[in-house]
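Biologist: I'd like to go through this model with you. Can we put it on screen and take it piece by piece?

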Amino acid sequence: MPFPITNQVQTAPQTPRHYGITSPISLVLPKESDLVLTQRLTEALKPFGVFEEELELQRRILVLGKLNTLVKEWIREISESKNIPASLMDNVGGKIFTFGSYRLGVHTKGADIDALCVAPRHVERTDFFTSFYEKLKEQEEVKDLRAVEEAFVPVIKLSFDGIEIDILFARLALQTIPENLDLRDDGLLKNLNIHCIRSLNGCRVTDEILHLVPNIENFRLTLRAIKLWAKRHNIYSNILGFLGGVSWAMLVARTCQLYPNAVASTLVHKFFLVFSKWEWPNPVLLKQPEDCNLNLPVWDPRVTPSDRYHLMPIITPAYPQQNSTYNVSVSTRNIMVEEFKQGLAITDEILQNKAEWSKLFEAPNFFQKYKHYIVLLASASTEKQHLEWIGLVESKIRILVGNLEKNEFITLAHVNPQSFPGPKEGNDKEEFSTMWVIGIDFKKMEGSEHLNVDLTFDIQSFTDTVYRQAISSKMFEPDMKITAMHVKRRQLHQLLPDLVILKRRKAHAVGGVCLTSFRGAALTVSNCLNHPPTPRPTALHGRPRFSIKLCSSVALSLLETKPPGAVGASSSPAPMGPPTGKRPGSPLLSDKDKKLKVEPVRRQIPSADLSDVPLLPANPIPVVKNSIKLRLSR
C-alpha cells in the first residue's frame, strides 16, 4: 500500500542513534538562515513541477487501493481453483507494495508508479501473466495493457485510470501473505527463484534507504532538488552510463547520514562538497554489507575480479548487495565529477547570498558545449518495431561511448540522455526514427597542425553488438537501421528541433547542411546555401561549401549501418550490420581493405576542389568507402 505522508519538522532533534558506516561529519543544528534558504529552495523547485497536488496524490492512493483489492480477489480465485483448504482461504492474502520514486516520496507530476504484487507459494508466475492479466483486461479503468514476460525483470505495464503503473511479481515461500509483512526480512529470500529475488529487490532497497536516513522529510526535499539538478544537467540516466533514481537517492542518503541534523539547503551544499571530493572508486555504502548465507552473488571486489573495475560503485543496502552504477564509464564519471564541482561553486554563492537557487537549476546548452558531435539515428518502418528497436539501441549506446573513449585521440564522449525525433525522409515511405547526440572532446596534439581520426571501427563494434542482440532475441526486422553521422556544432541546428539549440537563424558561410533520404539509404548531404536538396543523388549543384567522405576540416561524414541481405543492399562491400564471418574493421580484413581503411589523409583538401569527391550512393553505404573520418584543424 502507499506510504503514509508524515509531517516531520525539518529541524530534527539530536540524533539518538548512529547512521551509516562512519561517524557523522557534523551534528550542528540548523540556524535561522538555513531555514530561510530551505524555504527559498522549496519555492525555487515549484515551477519545475516536482511537487504533486494533494488531489492527484489522493487519486494515486485510490488507484493503488483498487489494484490491491484486485490482487486479493485474484489470489482468492486462484486458491479456490487449486483446492486450498477453507481454513486458509480467508487469510491467504496477497498485497501490492510500491517502490522507486513514489515509495520514496519524491515522485513528480505525471510520474508512473513502480509496484510489486506479492503472492503466496501456491500462486505461480504463469498465473500472474495469464489469469491476472485477463482480470486486468476486464477492468474498464485499465488501458494500454501489455505484458513483458521475457524482460530481465518480468513486468506487466498498464494505465489505470490515467496513471501509468509497472507491476512486478514475487511468489514467496509462505502459505499466506500477512498485511504487516516487512519485505526487508532477509529470510523471505529463502527458496526463491532468481526472478522473484530480482522483483523483490526494488522494494527492499527503497525500504532500507528510508530506514537509514535520520530525517525523511529533509531527505525527500534534498533528493527532489538533486534529481531536478541532475536532469537539467543531462546526467540522469542509468542506461546511458550516468546515475539512475536509486543511485541519486543513495548518494543523498549518505549525505544525510554524514550531516544528520542539517536541513535541505545545507544538505544540497554538502552533497556537492562530499562527492566533488570523493575518492572514486571507493564505494558509497549506507550500511555494512551482511552475508545471509543464501549463496547469492553480491558485490565484493575481494571475491569477484570484475567488481574491481567498477569506476563509481554505489552499493545497494539490501541483500544481495549490488553496484547500482556498473554502467558508469570513464567519460560519464568525469562528466559527473565536473558537474559536482560546478554545483559546489554555485551553492557556495547561494549560501553567501550571492546567487539564487534558480541558478543551480539552469540548464547548460549541451549543443554549444562541444565542437564535434556524433549523431546516432535508429529507424524502423513501423511504430511497434521502432519502440523495440530504440529500446535495444539505447541500452547499448554506453558500449559506443566506451569504444569512443578508448580511442587514443578522444578524451571524452558525452551522450545526451534526451533523445529526439529523427528528420523526416524525403520519400513517401513512412519511417519512424529517433536520434541521440554524443558530444566528442578530442585531445590537443602538440606540434601537429591537423589530426586525422578514423571512428569507423569504434562504431562498427557497437553496431555489431546491437545487431547480434536483435538477431539472437528474434526481434530483428530488415527495415531496422542505425546511421551514425559526424556533425560539427554549427551544423546541429539543421538536425534538431528549434527549441533545443540556441536560435542561430543566420546561414553560415561554411557548413550549411540539408538532409534528405533516398531509397532507405543514409541521409544525403547537399549544399543548402545556394540550392535546395536535389531530388536524386546524381549531382551537386554549384560549389558545395564542404566535402563529403574526405577528411577536410569542414567535413560532415556519415555512415549507415544496415544488415547484409536487406532490401536495397548493394553487391559491393557489405554495409555495416550484423557480422557474418569476417567483421568489417576486424583484424581479419584483407590487406587491401586494411590499407583503404587506415591510410591517413596526408594533405589538406581544399573545400573548393571537390571534383574527385564521390557522391553518396543510393544503396547502403559500404564500410570502407564511407567510413567516418575526421580531420581536426588546430
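**Overall picture**

Modeller: Of the contacts in the chain (heavy atoms within 4.5 Å) between residues at least 6 apart in sequence, 72% join residues at least 24 apart. Ground rules: residues are numbered from 1 along each chain as its sequence is written, and side-chain values use heavy atoms, with hydrogens and water left out. This is a predicted model, where local features need pLDDT of at least 70, side-chain atom pairs count only at pLDDT 80 or more, and totals for chains, interfaces and linings use all residues.

Biologist: How many helices and strands does the chain have, and what share of its residues is buried?

Modeller: Helices (H or I, at least four residues) and strands (E, at least two) are DSSP runs, numbered from the N terminus. Buried means under 20% relative accessible area, exposed over 50%, and partly exposed in between, with a 1.4 Å probe and protein chains only. The chain has 14 helices and 15 strands, and among its 634 residues the buried share is 53%.

**Helix 7**

Biologist: What span should helix 7 have at 1.5 Å a residue?

Modeller: The expected span of a helix is 1.5 Å times one less than its number of residues. Helix 7 covers residues 216-232, which is 17 residues, and its end C-alpha atoms are 24 Å apart. That agrees with what it should span, 24 Å.

Biologist: Which residue caps the N-terminal end of helix 7?

Modeller: Look for a polar contact, a pair of N or O atoms within 3.5 Å; within protein, one must be able to donate a hydrogen and the other to accept it, and residues adjacent in sequence count only if both atoms are side-chain atoms. Here a side-chain oxygen lies 3.1 Å from the backbone nitrogen of Glu217. The residue that supplies this oxygen and caps the helix is Asn215.

Biologist: Arg220 lies in helix 7. Is Arg220 buried or exposed, and which backbone oxygen does its side chain reach?

Modeller: Helix 7 is mostly covered, with 14 of its 17 residues buried. Arg220 has a relative accessible area of 7%, so it counts as buried. The side chain of Arg220 reaches, at 2.8 Å, the backbone oxygen of Leu104.

**Positive phi and cis peptides**

Biologist: Where is Asn234 found, and is Asn234 buried or exposed?

Modeller: Asn234 follows helix 7 and has a positive phi of about 60 degrees although it is not a glycine. Asn234 is found in the loop between helix 7 and helix 8 (245-258). Its relative accessible area is 13%, so Asn234 is buried.

Biologist: And Lys474, is that one buried or exposed?

Modeller: Lys474 is in the loop between helix 13 (456-472) and strand 11 (481-488). Its phi is near 60 degrees, a positive value in a residue other than glycine. With a relative accessible area of 75%, Lys474 is exposed.

Biologist: What is omega for the cis bond joining Trp280 and Pro281, and for the cis bond from Tyr319 to Pro320?

Modeller: Pro281 lies in the loop between helix 9 and helix 10, and Pro320 is found in the loop between helix 9 and helix 10 too. For Trp280 and Pro281, omega is about 10 degrees. For Tyr319 to Pro320, omega is near -5 degrees.

**Helix 9 and helix 10**

Biologist: Which helices do the buried residues of helix 9 pack against?

Modeller: Helix 9 is mostly covered, with 11 of its 13 residues buried. Among them are Leu267, Phe271 and Phe275. The buried residues pack against helix 1 (32-45), helix 7, helix 8 and helix 10.

Biologist: At what angle do helix 9 and helix 10 pack, and how far apart are their axes?

Modeller: Axes are lines fitted to C-alpha atoms, for helices over the stretch in contact, and angles run from 0 to 180 degrees between N-to-C directions. Helix 9 is residues 264-276 and helix 10 is residues 330-351. They pack at about 145 degrees, with axes 8 Å apart.

Biologist: Which residues does Ile346 contact, leaving aside its neighbours within four places in sequence?

Modeller: Ile346 is found in helix 10 and is buried, with a relative accessible area of 14%. Ile346 and Lys359 are 13 residues apart in sequence and 7.3 Å apart in space, C-alpha to C-alpha. The contacts of Ile346 are with Lys359 and Leu360.
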